[in-house]
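Here's a protein model to look at together.

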Amino acid sequence: MGTIVFDLDGTLVDALPDFTDAMNRLMAAMALTPVTGPEIAGYLGDGPRVLVERVLTARGKPMDESAHAAFLTDYTAHAAEGSLLFPNVTETLEELAKRGWRLAVCTNKPAAATEILLLALDIRRFFATVSAGDSHPFKKPDPRHLLAALAGETGRSIMVGDHRNDVQAALGAGVPCIFAGWGYGKPEMAAGATAVAGRFADVVELAETL
Ligand SMILES: O=C(O)COP(=O)(O)O
Ligand SMILES: [Mg+2]
């Protein structure tokens, strides 16, 4: 069939609860205004270091590397407490695998938290390759990150993601992209995508047409 490469946060998993809780422990430690889920959703997509930078910037603070290090350690230790799969993810991955698709993950989340989350939500078993935000010296929107997730597979391939970075990586790699309309990205981030899906389960039929 080919390979379908999934983004993680905002596509397979709603990670906002654990991001928000860990960020609010950092905000409390720094005596800064707490964050909300929607605020975090607007800052995700470029990995935890940029997330911390955006939260600090919004509070008039400069980037703080030790705050980033503390956040990453804390978040990784609690990455799978409140985070949940989006509706019908397990059934849909099962159906795609049954139809012969090879499945992979390409995420800007670091590998340690990625593996914890995929195992805790019992979906690690579906993916032939997992290419995380610190697995290579590059990450999305760099198309080499997506090409690494494809691991040399030359057959048909499709990227599914909820952020501009997913669309840009796919465009750069010459791979069609399904924009995850249920995720955190604003609708304008879909610009350049081949198709927009409203629900995770829609990927099954859409993938057949690309
Ligand atoms: O951690 C992030 O900022 C985004 O992660 P994602 O690439 O899985 O959406
Ligand atoms: Mg995402």
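Which exposed residues sit on the face of α4 turned away from its buried side? They are S66 and T73. Keep in mind that this is a predicted model.

Now let's look at the rest of that helix. α4 covers residues 65-77, so to speak a run of 13 residues. From its first C-alpha to its last, α4 reaches 19 Å, which is close to the 18 Å expected at 1.5 Å a residue. Its buried residues are F71, L72, Y75 and T76. Look down the axis of α4 and those buried residues fall within an arc of 120°, so they line one face of the helix. What do they pack against? The partners of the buried residues are α1, α3 and α6.

Here are the helices with their residue ranges:

| Helix | Residues |
|---|---|
| α1 | 16-29 |
| α3 | 48-58 |
| α4 | 65-77 |
| α6 | 111-120 |

Time to zoom out. The protein chain is split into domain 1, made of 2-14 + 83-209, and domain 2, which is 16-77. Their centres, taken over C-alpha atoms, are 24 Å apart. Where the two touch, 15 residues of domain 1 are in contact with 12 residues of domain 2. On the side of domain 1 that touches domain 2, helix α6 gives the most, with three residues.

Methods: Residues are numbered from 1 along each chain as its sequence is written. Chains are lettered from A and ligands numbered from 1 in the order in which they are written. This is a predicted model: local features need pLDDT of at least 70, side-chain atom pairs count only at pLDDT 80 or more; totals for chains, interfaces and linings use all residues. Domain bounds come from an automatic or database domain assignment. Two residues are in contact if their C-beta atoms, placed from the backbone, lie within 7 Å. Helices (H or I, at least four residues) and strands (E, at least two) are DSSP runs, numbered from the N terminus. The expected span of a helix is 1.5 Å times one less than its number of residues. A residue is buried if 20 or more other C-beta atoms lie within 10 Å of its own, exposed if 12 or fewer, and partly exposed in between; C-beta atoms are placed from the backbone. The arc is that of the directions from the helix axis to the C-beta atoms.
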